[in-house]
Amino acid sequence: MKNETAFQRCANPACGATYGIREVLTACQRCGALVDIAYDWERTPLPWKLSDFERKWATRNNPLHFSGVWRFKELLNFAPDNQVVTIGEGQTLLRGEPDVAAYTGVKSIRLQYEGLNPSGSFKDNGMTAGFTHARMVGAKKVACASTGNTSASMAAYASASAEVNEGRKLEAVVFVGSGRIAMGKLSQALDYGARTIQIKGYFDDAMRRVTEVSQSLGIYLLNSVNPFRLEGQKAIMYRVLEALNWEVPDWIVVPGGNLGNSSAFGKAFKELHDLGLVSRLPRLAVINAAGANTLYRLYNTEKLRWNGGHYDRAKVEAFYAQMDAEHRDANTLASAIEINRPVNLSKCLRALEWLNGVVGEATDQEILDAKAIVGRGGIGCEPTSAASVAGVKRLVADGTIGRDERVVCVITGHQLKAAQTTVQYHSLTGSKLRKELGEFGVGSNPYANKPIQVPNELPAILKALES
Ligand SMILES: *Cc1c(COP(=O)(O)O)cnc(C)c1O
Ligand SMILES: [Zn+2]
């Protein structure tokens with residue numbers, strides 16, 4: 001491995017086994033832990049300061065400079081330039097919103113709107129990196145299990161890959177649970193031509209199956225256990241810094257499902273700090289849905305900590321065993337984080353240690369209310385994404401986040417992914433609302449913008465427009 005500038009390394013410091021960059025691993029072969037991508041920074045040509053990256057804006061006809069991920073390639077330098085698979089991901093925005101500031105009580109709150117990605121969620125940041133590795137190793141088929149956005153993203157990249165893959169598309173196989181999957185997301189996988197297998201069960205069932213199948217059929221696995229995806233997702237933080245003129249905010253807040261994003265953010269900042277490219281670190285807040293709060297419970301009730309890598313694995317196993325025994329299944333309309341056993345739990349614990357983090361939660365009622373506030377500012381998000389804003393409101397109320405601190409919430413996915421829930425929230429009242437959303441504990445819609453029903457008569461229409 002010594003002659004490569006990038007390699008793979010077991011995330012368990014007590015093991016630390018290393019592997020070549022072209023190996024395809026979903027876990028350490030020695031100890032079973034997750035693996036990281038690591039770099040020999042001494043041999044990586046790095047910028048002197050982060051603002052040097054801005055120079056690439058001037059040469060945006062180079063696809064690697066146009067991409068909001070590969071523009072920062074020096075910080076994820078695992079692939080030759082000519083192997084990169086990019087479809088223009090990462091053209092996203094950091095925006096302030098007065099309504100969200102008033103709602104959460106934080107004066108300086110900004111939203112990093114990742115719904116603007118080609119497939120409508122932050123997943124594209126990781127998928128471009130995952131596909132790049134798939135191409136490096138000559139994969140012909142790729143697969144994932146998904147609550148929706150991973151499959152939408154993977155299907156888009158697979159279809160677009162023909163352009164860079166000598167005219168051959170990579171074949172995409174998507175595993176989804178039979179239960180809740182947002183129509184918008186399923187429609188994307190179908191539209192982009194992925195072979196879509198609907199398994200009776202939940203995400204976690206689909207996840208287990210796709211792992212089995214990919215091993216036995218030699219399919220390249222693009223779930224968030226894939227460490228290359230997390231490398232691409234680091235770029236979300238680079239763009240946040242860029243939009244803040246390279247100033248580090250006080251808080252990064254993100255919804256937590258399989259915990260890939262939070263893990264990637266921790267790694268991004270740890271590396272920048274170790275390299276001396278930032279002088280301080282933000283704190284991290286990961287927000288669970290109250291109906292899918294494995295991390296919240298493990299962190300806050302069970303006091304599970306990374307502990308330099310010596311985290312209490314038995315405690316996690318006992319927690320899962322009890323969850324199974326009580327048939328306690330995840331249940332939230334924030335479907336992208338409806339996860340029982342977060343795949344990247346250990347890496348997220350590490351990120352929480354690195355960034356002095358906290359774990360919050362929000363009910364579906366709080367999530368939908370927060371989503372309506374986000375929407376008022378002209379940023380459409382899917383319910384899951386608003387968990388970050390709902391989480392901030394709680395963390396301000398309990399004094400964890402100060403009103404004068406600078407907060408960045410990651411808005412992970414686009415509003416049109418789950419349009420039905422939005423319409424239900426805004427248009428239903430009373431018992432009708434409870435009938436549709438009551439199973440998630442949603443009983444009111446204080447921020448609804450109700451459509452006004454009028455007969456097809458001019459006086460009635462004029463009257464409706466009066467006030
Ligand atoms: C995948 C996803 C999440 C969860 O991210 P993790 O990295 O799995 O924690 C949150 N929001 C949206 C919209 C997603 O697609
Ligand atoms: Zn190991």
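**Figure 1. Polar contacts of ligand 1 in the predicted model.** A polar side-chain atom of Asn-149 lies 2.7 Å from an oxygen atom of ligand 1 in this predicted model. The backbone also takes part: a polar backbone atom of Gly-257 is 2.8 Å from an oxygen atom of ligand 1, and for a polar backbone atom of Gly-260 the distance to an oxygen atom of the ligand is 3.0 Å. On its own, ligand 1 has 380 Å² of accessible area, of which the protein covers 96%.

Figure 2. The largest cavity is the space taken by ligand 1.

**Figure 3. Cysteine donors of the zinc ion (ligand 2).** The protein donors are the SG atoms of Cys-10, Cys-15, Cys-28 and Cys-31. These donors lie 2.3 Å from the zinc ion. Along the sequence, the donor residues follow the spacing C-x4-C-x12-C-x2-C.

**Figure 4. Geometry of the zinc site.** The 4 donor atoms around the zinc ion (ligand 2) subtend angles of 96 to 117°. Four donors count as tetrahedral if all angles lie between 85 and 135 degrees; the arrangement around the zinc ion is therefore tetrahedral.

Conventions:
Residues are numbered from 1 along each chain as its sequence is written. Chains are lettered from A and ligands numbered from 1 in the order in which they are written. This is a predicted model: local features need pLDDT of at least 70, side-chain atom pairs count only at pLDDT 80 or more; totals for chains, interfaces and linings use all residues. Side-chain values use heavy atoms; hydrogens and water are left out. A polar contact is a pair of N or O atoms within 3.5 Å; within protein, one must be able to donate a hydrogen and the other to accept it, and residues adjacent in sequence count only if both atoms are side-chain atoms. Accessible areas come from the Shrake-Rupley method with a 1.4 Å probe; for residues, only the protein chains shown count as cover. On a 1 Å grid over the protein atoms alone, a cavity is a set of points where a 1.4 Å probe fits but cannot get out, and a pocket is an open set with protein on both sides within 12 Å along at least five of seven lines; lining residues have an atom within 4 Å of a point. A molecule sits in a cavity or pocket if more than half of its atoms lie within 2 Å of its grid points. Donors are N, O and S atoms within 2.8 Å of the metal (3.2 Å for Na, K and Ca); water is not among the atoms, so sites may look incomplete. Four donors count as tetrahedral if all angles lie between 85 and 135 degrees; four count as square planar and six as octahedral if opposite donors are over 155 degrees apart and all others between 65 and 115; anything else is irregular.
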